[in-house]
Amino acid sequence: MNELSIDEVLAEVAVLVKPHFGKGRAADYIPQLAGVPGSKFGMAVRTVDGGEHVIGDADEGFSVQSITKVLSLGLALNRIGDEVWTRVGKEPSGTPFNHLSLLEAEGGFPRNPFINAGALAVTDILLDKVKDPAALVRGFAGFLADDPVEIDEAVAASELDNAWQNRAIANLMRGKGTVRHDPEAVVAAYCRQCALTMSCRQLARAFLPLAAGGFSPVVEETIFPERLTRRLNALLLTCGIYDSVGSFAYRVGLPAKSGVGGGIVAVVPGKATVAVWSPELDRFGTSVVGASALEAFSQLTNCSVL
């Protein structure tokens with residue numbers, strides 16, 4: 001990173017993103033998320049050497065949504081290894097995260113674990129091992145953050161009430177054999193997982209193993225083998241931002257995962273994790289201000305991996 005301190009970089013980022021507020025809209029198809037003020041903005045950086053730097057609403061909890069897909073995938077890979085890839089692929093989708101036509105054309109085999117179809121398949125895999133995958137993900141997230149986190153049951157209920165597309169996806173995959181449990185149970189577990197509430201500070205801590213070769217400096221334990229860590233980062237770089245992943249890689253150049261709650265977590269391998277939150281989304285479901293903040297951070301610190 002350059003001569004500016006991280007605190008100075010964050011202060012500069014906060015100035016640079018101001019013109020981008022008001023250019024998106026919250027995820028109003030989940031009613032509980034529609035009312036979150038668009039002016040919210042938080043950012044946290046956690047370095048592998050123990051530094052922690054925050055700005056704005058970095059300690060306010062928000063619905064992390066699809067960011068949890070990284071945690072559930074990590075849990076599945078830690079439990080059954082490469083067998084996961086017999087149920088889900090590793091390729092960018094090039095289509096929206098809840099798309100059906102490509103899934104049907106490819107026989108119910110999801111392109112990657114970060115689109116909804118892939119995440120539902122991972123939830124189905126976890127149901128082979130535990131009765132409550134959402135509770136498993138919640139406990140894992142809290143452990144990695146070294147701070148308890150909770151599922152917002154109101155958000156979970158709101159999401160489940162409107163999960164018609166996810167039900168269609170799960171039923172299609174059940175018909176093709178990719179999903180093996182009751183599709184309604186899979187969708188319910190997935191919606192509760194997505195309703196996890198965390199802050200930017202907690203997310204930056206929780207994702208630090210991906211920046212530190214699988215080791216968590218926060219809890220001082222190895223979470224993932226180094227080989228798996230590299231593969232997770234590769235998937236984040238190629239699939240983590242859905243069908244705008246190429247544009248994001250061009251602008252930011254870091255492995256990252258977004259969520260429709262307005263959060264994004266990015267990994268600077270060997271150095272740090274960066275979490276940002278602002279609820280207004282672009283047409284691809286990625287935070288407008290969050291992506292702009294990470295672009296500015298990457299440019300100011302020269303930390304792009306590309």
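Colleague: How many salt bridges are there between domain 1 and domain 2?

Modeller: The count between the two domains is 2 salt bridges. Keep in mind that this is a predicted model.

Colleague: What area do they bury between them?

Modeller: About 2800 Å² is buried between domain 1 and domain 2, with 72% of that on carbon and sulfur atoms.

Colleague: Which three residues of domain 1 supply more than any other three?

Modeller: Those are Q202, L235 and Y242, which supply 20% of the area that domain 1 buries against domain 2.

Colleague: Back to charges. What does R227 pair with?

Modeller: R227 forms a salt bridge with D82, and their closest N and O atoms are 3.6 Å apart. As for polar contact, 5 residue pairs are counted between domain 1 and domain 2, with both residues at pLDDT 80 or more.

Colleague: Now the whole structure. How many salt bridges does a search find?

Modeller: The search finds 14 salt bridges. One of the salt bridges joins the side chains of D59 and R201, at 2.6 Å from N to O. That pair links distant parts of the chain: D59 is in the loop between β2 (52-56) and β3 (62-63), and R201 is in helix α10, 142 residues apart.

Colleague: How many aromatic pairs?

Modeller: The whole structure has 3 aromatic pairs. Among them, F21 and F41 have ring centres 6.4 Å apart and planes at 85°.

Colleague: Why is that pair called edge-to-face?

Modeller: Planes over 60 degrees apart count as edge-to-face, so the 85° between F21 and F41 puts the pair in that class. F21 sits in the loop between α1 (6-16) and α2, while F41 is in the loop between α2 and β1 (42-47), 20 residues apart.

Colleague: Last one, A14. What does A14 touch?

Modeller: Leaving out residues up to four places away in sequence, A14 touches F41 and I55. A14 is in helix α1. The C-alpha atoms of A14 and P110 are separated by 37 Å, and these two residues are 96 residues apart along the chain.

Conventions: Residues numbered from 1 in each chain as written. Predicted model: local features only at pLDDT ≥ 70, side-chain atom pairs only at ≥ 80, totals over all residues. Heavy atoms only, no water. Buried area = accessible area lost by both parts, 1.4 Å probe. Salt bridge = Lys/Arg side-chain N within 4 Å of Asp/Glu carboxyl O. Polar contact = N/O pair within 3.5 Å; in protein donor to acceptor, adjacent residues only side chain to side chain. Phe/Tyr/Trp six-rings, centres within 6.5 Å; stacked < 30°, edge-to-face > 60°. Helix = DSSP H or I, 4+ residues; strand = E, 2+ residues; numbered from the N terminus. Contact = heavy atoms within 4.5 Å.
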